[in-house]
Every structure is written in structure tokens, then in C-alpha cells.
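Please examine the sequence and the three-dimensional structure shown below.

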Amino acid sequence: MVETAVTKRRELVEKNQIRGCEVRLDQVSKQYTQGKETVDALDKVSLEVKAGEFLAVMGASGSGKSTLLNLVAGLDKANQGEIFLNDQAISGWKDNQLTLFRRREIGFVFQLFNLMPTLTAEENAALPLLMAGQPRSVWHPQVSDWLERVGLKSHGKHYPAELSGGQMQRIAIVRALIHQPSLILADEPTGNLDSQTGDQMLFILKEITEELGITVIMVTHDPMVAAYGHALITLKDGRILDSAAR
Ligand SMILES: Nc1ncnc2c1ncn2[C@@H]1O[C@H](COP(=O)(O)OP(=O)(O)OP(=O)(O)O)[C@@H](O)[C@H]1O
Ligand SMILES: [Mg+2]
């Protein structure tokens, strides 16, 4: 039997050889200055996301949700406090170390899907592997397995303009997972989907990440969407207002 990327990773998880990324924030603050105004986008935020846990982050517009994801991804730097990925303080990491970690260990899902219009669905889904220089003979079988898994086996040759929003987001989920990351960062992944399509997408995301032991941090302002998380925090003006485990 041909071993798929999915079954391979599942076996590794069962043998305890791969686990999701552990994320910890210790008193993290981020200020942005524009002209004379300084905004506390995050204000002394401490939290812990265990390996394989699915954390939902809620909060009104401007409460600091995307800032939190950007800092965890190392796309922006905290002004105070420390972020730990797998118990390592990332403030000490060099830029290329952060870039490598991001490329290998993080999968991103965005509200606007961010697919490349000139690439087919299967090329978009395979993008992390294409960028790593893998030949078609390597990436194509993997993408085919994944497209089948998300119900899009017959859509591989379609261009994004020929897909529905829900289909585009499923391609984006495959793109986020195909390089077998240990952490998924999702910013309003259902923001452009109707509730039924959003539910389907979240079901797939949760099922796969639970099966593979991948950690997820998902931003949303919809309580129904947040209910998919194992844990929930609510931000207000850059501070954690409320947190709950399920
Ligand atoms: N690059 C930036 N420069 C200046 N201010 C910024 C920058 N990024 C974010 N901010 C400010 O920081 C605060 C938090 O922004 P953030 O994008 O994290 O909010 P959010 O919770 O993701 O909101 P939304 O739900 O609208 O996406 C806001 O007041 C925003 O204007
Ligand atoms: Mg945002």
C-alpha cells in the first residue's frame, strides 16, 4: 500500500515522535506608533497553547487578534515580554531561523484565501512544496491524496476563479497542511463564507488537525465559529478579557 503523507504523520503522532507546536506568551506587549499616537495593540498578554490544542481567539475589530498571530509567527516583534515556541524564546532567534521555522512548521489560513490566480488549485495547494523545490513527481501524489480528503479530487486543474469560496478555502487548508506543519494560524478563515460552508471548512480543519496532533490558533469574531476551539480567549483593547476551556 502506498503510504500517504497523512497516514505517515498519523503513525508518527501515535508513536509520539511528532507533536504539535507548544506556544506560550509571557507578558507580551506590542505598541504601534503612528504620528503622535501610540496604540497598545497587545498589553501584557500571557497565555499557553498546548501541543495539539485548538485555541479560538475572539474580540472586536482592533482588539489585537491579528497582532497576536503576527507576533507568534515572528512576522512582527513584541516590544516587551517573550514568546516561546516549543519552550524556546523566539526573541533570541535570528531572522533566518524564524523564516525557516515559519516555512517548515507553520501553516497559514486567511480570510481572503490568498490563492495565486495564475496557478491551478493543485499547484496552489502544493505551493509550500513547490517553493521547497520539490518535483511534480513528489508533490503531485501528495496533493491528490489531500484533494480527495477534502472532497476536491476532480477540481485540481481548476483555477481559483473557477472555484467557489468554500472550495477555495479547502484548497487553502490543504496548502496550510501539505508541508506537515506543527502549528496552524488562521485569521478569520470563515469570514467570507456562509455559515454552512464555514461549518464544513471548520469540521475538516478540526478533524485533520486533531488527527495529526497539530496546534491551531484561530481568530474569529463569531461565537459559533469559536465553539470549534478546545479553548477560547477574548481580547479587548489588547488585553485578555476572558478565557475558558471547553
Ligand atoms: N502595522 C500597524 N501600524 C499601526 N497600527 C497598527 C498596525 N497593525 C495594527 N495596528 C493597530 O493595532 C490595533 C490592533 O490591530 P489588529 O489588527 O491586531 O486588530 P484585530 O483584532 O485583528 O482587528 P480586526 O478584527 O479588524 O481584524 C488596532 O488599533 C490597529 O489599528
Ligand atoms: Mg485582524
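Axes are lines fitted to C-alpha atoms, for helices over the stretch in contact, and angles run from 0 to 180 degrees between N-to-C directions. Helices (H or I, at least four residues) and strands (E, at least two) are DSSP runs, numbered from the N terminus. This is a predicted model, in which local features need pLDDT of at least 70 and side-chain atom pairs pLDDT 80 or more, while totals for chains, interfaces and linings use all residues. Residues are numbered from 1 along each chain as its sequence is written, chains are lettered from A and ligands numbered from 1 in the order in which they are written, and side-chain values use heavy atoms, without hydrogens and water.

Helix 7 (residues 165-177) packs against helix 8 (residues 195-212) at an angle of about 15 degrees, and their axes are 10 Å apart. Helix 7 is therefore roughly parallel to helix 8, a description used for angles under 35 degrees.

We turn now to the ligand. A residue is near a molecule if one of its heavy atoms lies within 4 Å of it. The residues surrounding ligand 1 include Tyr32, Lys65, Ser66 and Thr67. Helix 2 contributes the most to this shell, with 3 residues.

Polar contacts are pairs of N or O atoms within 3.5 Å. A polar side-chain atom of Thr67 lies 2.5 Å from an oxygen atom of ligand 1. For Ser66, a side-chain N or O atom is 2.9 Å from an oxygen atom of the ligand, whereas Ser63 places a backbone N or O atom 3.2 Å from a ligand oxygen atom.

Note on methods: Polar contact = N/O pair within 3.5 Å; in protein donor to acceptor, adjacent residues only side chain to side chain. Parallel < 35°, antiparallel > 145°, perpendicular 65-115°, else oblique.
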